[in-house]
Amino acid sequence: MKRHATAIWKGALKDGTGTIDTQSGALKSHGYSFKARFEDESGKSGTNPEELLAAAHAGCFAMQLSAMLADNGTPADKLDAKAVVTVEPKDGGGFKITSSAITLVGKVPGASEADFKAIATKAKESCPVSVALGAIDISLDASLEA
């Protein structure tokens, strides 16, 4: 199984612009820029690689956890997973991705808080995107819906 996306960039780094297309068509000529990536914290000026990485991480983690909870006999009614990817300046110039912090709230009938957190931790460690992100810190704050 292979998935693909295409990025086209035109111009210099700070004043150039780019577009991203994904295989599924979810993004089609979707714009991205230096401003969208490094200056606009609102996220309104276009996408950026870190946002896409956060979406991939949250989605992969939620699917992995869903499978593991079902295998445990406690299938989830709902998993609300949010990943926040942090990018920081690196020594000598440029930037580096330093972490992905997952916040999870689950509605899982029949699961204890302790079992839920233990299974969520295993899902965090084993989802394919987490494994691929092995060079950065990955944290998890998991709780059951009140």
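The legends below describe close-up views of a predicted model.

**View 1. The largest nonpolar core of the predicted model.** This core holds 23 residues, and those touching the most other members are Phe61, Leu65, Leu69, Leu104, Val108, Phe116 and Ala120. Two or more residues each come from α2 (49-71), β4 (78-89), β5 (95-107), α3 (113-126) and β6 (137-144). Helix α2 gives the most, six residues.

**View 2. Surroundings of Phe61 in the core.** Beyond its neighbours within four places in sequence, Phe61 is in contact with Ala81, Ile102, Leu104, Ala120, Ala123, Lys124, Cys127 and Leu140. Of these contacts, Leu104 and Ala120 are also among the core residues that touch the most other members.

**View 3. The aromatic pair Trp9 and Tyr32.** The whole structure contains three aromatic pairs. In this one the ring centres lie 5.2 Å apart with the planes at 55 degrees, so the pair is tilted. Trp9 belongs to strand β1 (residues 5-10) and Tyr32 to strand β3 (residues 30-33), so the pair ties together parts 23 residues apart in sequence. Trp9 is partly exposed, because its relative accessibility is 31%. Tyr32, at 14% relative accessibility, is buried.

**View 4. The aromatic cluster of Phe34, Phe38 and Phe95.** Phe34 and Phe38 form a tilted pair, with 5.0 Å from centre to centre and 50 degrees between the planes. Both residues lie in helix α1 (residues 34-39), four residues apart, or about one turn of the helix. Phe34 is buried at 8% relative accessibility, whereas Phe38, at 22%, counts as partly exposed.

Methods:
Residues numbered from 1 in each chain as written. Predicted model: local features only at pLDDT ≥ 70, side-chain atom pairs only at ≥ 80, totals over all residues. Heavy atoms only, no water. Core = buried A, V, L, I, M, F, W, Y, C linked by side-chain atoms within 4.5 Å. Buried < 20%, exposed > 50% of the residue type's maximum accessible area, 1.4 Å probe, protein only. Contact = heavy atoms within 4.5 Å. Phe/Tyr/Trp six-rings, centres within 6.5 Å; stacked < 30°, edge-to-face > 60°.
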